[in-house]
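The points below take up its side-chain contacts and its surface in turn.

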Amino acid sequence: MSHLIILHEIDEHDNDRAVDGLQDRVNLLKRLTGDIHEEVECHNRVLDQMGNDMDASRGILSGTMDRFKSVFETKSSRRMFTLVASFVVIFLIIYYLTR
């Protein structure tokens, strides 16, 4: 009978150690999942900010393209562009001929 009591006490002691080991693992996993959650939240904030910055850049680029189009839609602007381009081409030709 005392042999059974000793085995029962050993089993309870092993179970207590196993429970303590499991509790340590659960606590570790809980900390890890908390750290992962914080990291994900941080990355989400960065991605949201990057998305907002991209939207702002897209708006600025769109406005620039609209202004660029309006400049080249008027005839006088096209003439000015043609005149400037002609001067640049003539300058490059003279530069390469004199070298």
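How many aromatic pairs does the structure hold? The model is a predicted one, and it holds two aromatic pairs.

1. The pair F91 and Y95. The rings of F91 and Y95 are stacked, with 6.4 Å from centre to centre and 20° between the planes. The angle falls under 30 degrees, and the pair therefore counts as stacked. Both residues belong to helix α2, which covers residues 75-98. They are four residues apart there, about one turn of the helix.

2. The pair Y95 and Y96. Is Y95 buried, partly exposed or exposed? Its relative accessibility is 40%, so Y95 counts as partly exposed. Its ring also pairs with that of Y96: the centres are 5.4 Å apart and the planes stand at 70°, so this pair is edge-to-face. The cut-off behind that assignment is an angle over 60 degrees.

3. The aromatic cluster. F91, Y95 and Y96 together make up one aromatic cluster. F91 is exposed, at a relative accessible area of 57%, and Y96 is likewise exposed, at 53%. Residues count as exposed when this value is over 50%, which is why F91 falls in that class.

4. The nonpolar surface patch. Which residues form a nonpolar patch on the surface? The patch consists of M80, L83, V84, F87, V88, F91, L92, Y95 and Y96. Together these residues have about 940 Å² of accessible area. L92, another of its residues, is found in helix α2 and counts as partly exposed, with 38% relative accessibility.

5. The salt bridge. Attention now turns to charged side chains. Side chains of opposite charge can pair when their charged atoms come close. The structure holds one salt bridge, in which the side chains of D55 and R58 meet at 3.0 Å, N to O.

6. Where do D55 and R58 lie? Both are in helix α1, which spans residues 2-73. They are three residues apart, and so about one helical turn separates them. D55 is partly exposed, at a relative accessible area of 45%, whereas R58 is exposed, at 53%.

Conventions. Residues numbered from 1 in each chain as written. Predicted model: local features only at pLDDT ≥ 70, side-chain atom pairs only at ≥ 80, totals over all residues. Heavy atoms only, no water. Phe/Tyr/Trp six-rings, centres within 6.5 Å; stacked < 30°, edge-to-face > 60°. Helix = DSSP H or I, 4+ residues; strand = E, 2+ residues; numbered from the N terminus. Buried < 20%, exposed > 50% of the residue type's maximum accessible area, 1.4 Å probe, protein only. Patch = residues over 30% accessible without salt bridge, like charges linked within 9 Å, V, L, I, M, F, W, Y side chains within 5 Å. Areas by Shrake-Rupley, 256 points an atom, 1.4 Å probe, with all protein chains shown as cover. Salt bridge = Lys/Arg side-chain N within 4 Å of Asp/Glu carboxyl O.
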